[in-house]
Amino acid sequence: MKISFKSPFHRKAFVKFISENIANPYCCRREYVAAVFLLSADKFLWKSACRSLAVHSMKFDGLDLAGISTEGYALFMAAKSIYRGGAGVSLNELCDVNLIDDPTAMTIFAGVMLVRNGVGLLNWRI
């Protein structure tokens, strides 16, 4: 299975961050790569999240989410849940077309697949 990015911005932000901060993404924790993948899918969220990211660690508690969209919040909760473990976005929320649009739901599923199978699913070379 091949995973695609939500938008050209998503691809650019993810690849730039990983290239500049991770020597070998194939050896990095899958939860970290998946969380970066999800956070970089939304411009507003990524702008806030960049300040909370360090090499191989994240601080979700300090993120300013004021004014974030519903989709951005779903991406944030999914990234936080994948990185820390635990409940985040429910299946009912993912299935509600009035709450989360299809591209965002597919991006969340892609993040889950990255945790399961690693960065190789992106067909991206270092």
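Reader: In which helix does Ser-48 lie?

Author: In this predicted model, Ser-48 lies in helix 3.

Reader: Why is Ser-48 called buried rather than exposed?

Author: The relative accessible area of Ser-48 is 9%, and the term buried applies to values under 20%, so Ser-48 counts as buried. Leaving out residues up to four places away in sequence, Ser-48 touches Leu-63 and Asp-64.

Reader: What makes Ala-54 partly exposed, and where does this residue lie?

Author: Ala-54 lies in strand 1 and has a relative accessibility of 36%; buried would require a value under 20% and exposed one over 50%, so Ala-54 counts as partly exposed. The C-alpha atom of Ala-54 is separated by 8.3 Å from that of Asn-21, although the two residues are 33 residues apart along the chain.

Reader: How do you know whether Thr-104 is buried or exposed?

Author: The relative accessibility of Thr-104, a residue of helix 6, is 0%, and because the limit for buried is under 20%, Thr-104 counts as buried. Not counting residues up to four places away in sequence, Thr-104 touches Lys-6, Glu-71 and Leu-75.

Reader: Why are helix 2 and helix 4 called roughly antiparallel?

Author: Their packing angle is about 175°, with the axes 8 Å apart; angles over 145 degrees count as roughly antiparallel, and helix 2 and helix 4 are therefore described in that way.

Reader: Which residues meet where helix 2 packs on helix 4, and how many of the residues in this contact are nonpolar?

Author: From helix 2 come Glu-31, Tyr-32, Ala-34, Ala-35, Leu-38 and Leu-39, and these meet Leu-75, Phe-76, Ala-78, Ala-79, Ile-82 and Tyr-83 of helix 4. By class, this contact between helix 2 and helix 4 has 11 nonpolar residues, no polar ones and 1 charged residue.

Reader: Which residues touch the most other members of the largest nonpolar core, and which elements give two or more residues to this core?

Author: The largest nonpolar core has 42 residues, of which Val-36, Phe-37, Leu-39, Met-58 and Phe-60 touch the most other members. The elements that give two or more residues to this core are helix 1 (8-21), helix 2 (30-39), helix 3 (43-49), helix 4 (70-84) and helix 6 (102-117). As for Val-36, once its neighbours within four places in sequence are left aside, this residue is in contact with Phe-14, Phe-17, Ile-18, Trp-46, Leu-53 and Met-58.

Reader: What does the secondary structure of the protein come to, and what share of the residues counts as buried?

Author: The secondary structure comes to 6 helices and 2 strands, which run from the N terminus on in the order α-α-α-β-β-α-α-α. Of the 126 residues of the protein, 44% count as buried, and the accessible surface comes to about 7000 Å², 53% of it belonging to carbon and sulfur atoms. Among the contacts with a separation of 6 or more, residues 24 or more positions apart account for 63%.

Methods. Residues are numbered from 1 along each chain as its sequence is written. This is a predicted model: local features need pLDDT of at least 70, side-chain atom pairs count only at pLDDT 80 or more; totals for chains, interfaces and linings use all residues. Side-chain values use heavy atoms; hydrogens and water are left out. A nonpolar core is a set of buried Ala, Val, Leu, Ile, Met, Phe, Trp, Tyr and Cys residues joined through side-chain atoms within 4.5 Å. Buried means under 20% relative accessible area, exposed over 50%, partly exposed in between (1.4 Å probe, protein chains only). Helices (H or I, at least four residues) and strands (E, at least two) are DSSP runs, numbered from the N terminus. Contact means heavy atoms within 4.5 Å. Axes are lines fitted to C-alpha atoms, for helices over the stretch in contact, and angles run from 0 to 180 degrees between N-to-C directions. Angles under 35 degrees count as roughly parallel, over 145 as roughly antiparallel, 65 to 115 as roughly perpendicular and the rest as oblique. Ala, Val, Leu, Ile, Met, Phe, Trp, Tyr, Cys and Pro count as nonpolar, Asp, Glu, Lys and Arg as charged, and the others, Gly among them, as polar. Accessible areas come from the Shrake-Rupley method with a 1.4 Å probe; for residues, only the protein chains shown count as cover.
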